[in-house]
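Thanks for coming. Please look at the sequence and the model on the screen, and I will go through a few places in it.

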Amino acid sequence: RLPNGGRNLNIPRQSHRAPAESVESNASLDLPLRAPGTDARSARPRSRKAGRSSWGWEAACSLDDCCGVLLSVQVRGDHSRLPIGASTSRNSDFPSQSQPAMAAATVANPVSLVVHKHMRFLITDSPTDRNVEAYVREYKAHHVSHLVRTCDPTYALTRVKAEGIVVHELAYPDGDPPPERVIDAWLEVCNTAFKGGNKDGKAVTVHCVAGLGRAPVLVAIALIETGMDPGDAVALIRERRASAFNRRQMSFLLDEYKRRGRRGPCAVM
């Protein structure tokens, strides 16, 4: 409990004053206090100045919990909330390591596992350098041995290769069916990954940007090569990953693609 309800706190005004050019003439620069149970937002000064200044500030003091004070500091357009007393480096606008660590990164969208006979495919969207560790955790959980990237790079492969995963670059235009060279290379990856009946239960992960077009098309081709009806292949993948395939890709799979079977050099059987 503060003496006199906190009314006579000696808080220097000068230390909380922003540069003169960024504060309107009618704004109060006092550090506002609020009584227990009241809304902190009602105690914060509101700026009415038009435009955007390069420096700003707002402060609120709560008497609810030992006068814990929270400052919201705007520095050159960047916002961060720091409790008073949190340490920052002298030449940095960011909190030091004394603040709580950020939550672990997660995959942007759920992964989709497609299983047929001895083949296991993991369809995902594209990782980034910020969340690639979360994707690596998924790869390890599903025993991924090969990764196929069908889009332009959005992340470094260092972390993926460190797990012993073999990477294949099979990029082709977004929204299109795959060209012959990509199909040949893809079926070769499948033959290598699933040879001998895949007794170890390994999986091949394949991704494009969103995991809804180029990646599912390649998985459908592999299913068709095992003898599955093209319509059934499309339905199975859509059960696992809704909204997969666009109209052009559907037409390619259902009407244009011809199964190679044992006649081709890259047949998946």
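Where is the place of R260? R260 sits in the segment after α6 (247-256). Helices here are DSSP runs of H or I with at least four residues, strands are runs of E with at least two, and both are numbered from the N terminus.

Before going on, two notes on the source. This is a predicted model, in which local features need pLDDT of at least 70 and side-chain atom pairs count only at pLDDT 80 or more, while totals for chains, interfaces and linings use all residues. Residues are numbered from 1 along each chain as its sequence is written, and side-chain values use heavy atoms, with hydrogens and water left out.

Back to R260. Is R260 buried or exposed? R260 has a relative accessible area of 16%, so it counts as buried, which means under 20%; exposed is over 50%, and partly exposed is in between, with a 1.4 Å probe and protein chains only. Not counting residues up to four places away in sequence, R260 touches E180, I183, D184, L187 and E225. A contact means heavy atoms within 4.5 Å. With E180 there is also a polar contact of 2.6 Å between the side chains. A polar contact is a pair of N or O atoms within 3.5 Å; within protein, one must be able to donate a hydrogen and the other to accept it, and residues adjacent in sequence count only if both atoms are side-chain atoms.

Next, another arginine. R214 lies in helix α4 (residues 214-225). R214 is buried too, at 7% relative accessibility. Its side chain reaches the backbone oxygen of Y172 at 2.8 Å. Among the residues that R214 touches are C151, Y172, D174, C208 and Q249.

That brings me to the cysteines. How many disulfides does the structure hold? The structure holds zero. A disulfide is counted as a pair of cysteine sulfur atoms within 2.5 Å. C208 is buried at 4% relative accessibility, and C190 is buried at 1%.

That is all I have.
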